[in-house]
Amino acid sequence: MTLTQAEKAAVITIWTKVATQADAIGAESLERLFSSYPQTKTYFPHFDLSQGSTQLRGHGSKVMNAIGEAVKNIDDIRGALAKLSELHAYILRVDPVNFKLLSHCILCSVAARYPSDFTPEVHAAWDKFLSSVSSVLTEKMFLTYPQTKTYFPHFDLHPGSEQVRGHGKKVAAALGNAVKSLDNLSQALSELSNLHAYNLRVDPLLAQCFQVVLAAHLGKDYSPEMHAAFDKFLSAVAAVLAENCQLLQAGACICAWC
């Protein structure tokens, strides 16, 4: 996954700000990770995972130091993180999915701290960068999501276009209906579920982007606890929209937003 010069510049520019609060952002990202995805705690049985603990801050610092090394060596991330790749693959044996989850939590933490700087373009660049880092760390074990554009061949997909804004309103309205009907999401979203499954045959990948936008708009109010609650809510919405999904290929339908 090759970053363009513009994407590299966006990553480096934000990192100059992130570096001044790297330890705090690292700890917050782990708090988000453990709150939203408690299964990841299994890799830290000996840690005090309470908010602000010395061990949490220490590991958060290690995470961000690794990100910093990747930024410094953005043209050779694989070389810069080779030892970490082997550590996570052969000794720690970390599930590759966890790197994707942590990357998402880092994006939310950065967006919450630098909302005006974390534009959609910067978001895309950082998502691509962190995906590259994750790929390096997991390649021995085994994004912006451009493939989703295939569902909108008739749209003007430039930032701020009338069609993008219009569809964004539809998405927000659907989430609003879900919030009003928290105790009966299946009924509230039944028509949308049928539409996406049988007519559009969509594989939703929207929730992570939605959470980063929320973090950028709400700033510090988008706490790890709120992050965890919204993640659970959006997962429930995604499950309803996906429950009627039928793929032509053999195997289960993968319709998770996250």
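The crossing of helices α2 and α6 is right-handed. In this predicted model, α2 covers residues 22–36 and α6 covers residues 97–113. Their axes lie 8 Å apart and meet at an angle of about 125 degrees. Angles of 65 to 115 degrees would count as roughly perpendicular and those over 145 as roughly antiparallel, so α2 is oblique to α6. On the α2 side, the contact is made by Ala24, Ile25, Glu28, Ser29, Leu30, Arg32 and Leu33. On the α6 side, the contributors are Leu101, Leu102, Cys105, Ile106, Cys108, Ser109, Val110, Ala112 and Arg113. Sorted by class, the contact of α2 with α6 consists of 11 nonpolar, two polar and three charged residues.

Helix α2 also packs on α3, at an angle of about 110 degrees and with the axes 7 Å apart. Because 65 to 115 degrees is the range for roughly perpendicular, α2 and α3 are placed in that class. From α2, the residues involved are Ala22, Asp23, Ile25, Gly26, Ala27, Leu30, Glu31 and Phe34. They meet Leu56, Arg57, His59, Gly60, Ser61 and Met64 in α3. This contact of α2 with α3 divides into seven nonpolar, four polar and three charged residues. Ile25 and Leu30 of α2 take part in the contact with α6 and also in the contact with α3.

Helix α6 has a further partner in α11. The axes of α6 and α11 come within 7 Å and cross at roughly 25 degrees. Angles under 35 degrees count as roughly parallel, and α6 and α11 are therefore assigned to that class. The crossing of α6 with α11 is right-handed. Lys100, His104, Leu107, Cys108, Ala111 and Ala112 of α6 make the contact with Gln208, Gln211, Val212, Ala215 and Ala216 of α11. By class, the contact of α6 with α11 holds seven nonpolar, three polar and one charged residues. Cys108 and Ala112 of α6 belong to the contact with α11 as well as to the contact with α2.

These pairs belong to a chain that has 12 helices and zero strands. Of its 258 residues, 42% count as buried. In soluble globular proteins, nonpolar side chains tend to be buried together. The largest nonpolar core here has 48 residues, and Ile67, Trp126 and Phe129 touch the most other members. The elements that give two or more residues to this core are α1 (5–18), α2, α3 (54–72), α6, α7 (120–138) and α11 (207–218). Helix α6 provides the largest share, 10 residues.

What does Trp126 touch, leaving aside its neighbours within four places in sequence? Trp126 is in contact with Ala10, Val11, Ile14, Trp15, Ile67, Leu107 and Phe118. One of these contacts, Leu107, is among the α6 residues that meet α11. Another, Ile67, is named with Trp126 among the core residues that touch the most other members.

Phe99 is another residue of helix α6. Its relative accessibility is 10%, and since buried means under 20%, Phe99 counts as buried. The C-alpha atoms of Phe99 and Val133 are separated by 8.8 Å, although the two residues are 34 residues apart along the chain.

Two further stretches of the chain come together at Leu234, which lies in helix α12 (residues 224–242). Is Leu234 buried or exposed? At 1% relative accessibility, Leu234 counts as buried because the limit is 20%. Leu234 and Ala207 are 27 residues apart in sequence, and their C-alpha atoms are 6.4 Å apart in space.

Terms used
Residues numbered from 1 in each chain as written. Predicted model: local features only at pLDDT ≥ 70, side-chain atom pairs only at ≥ 80, totals over all residues. Heavy atoms only, no water. Axes fitted to C-alpha atoms, helices over the stretch in contact; angles between N-to-C directions. Helix = DSSP H or I, 4+ residues; strand = E, 2+ residues; numbered from the N terminus. Left-handed = near helix turned anticlockwise from the far one by under 90°. Contact = heavy atoms within 4.5 Å. Nonpolar A, V, L, I, M, F, W, Y, C, P; charged D, E, K, R; others polar. Core = buried A, V, L, I, M, F, W, Y, C linked by side-chain atoms within 4.5 Å. Buried < 20%, exposed > 50% of the residue type's maximum accessible area, 1.4 Å probe, protein only.
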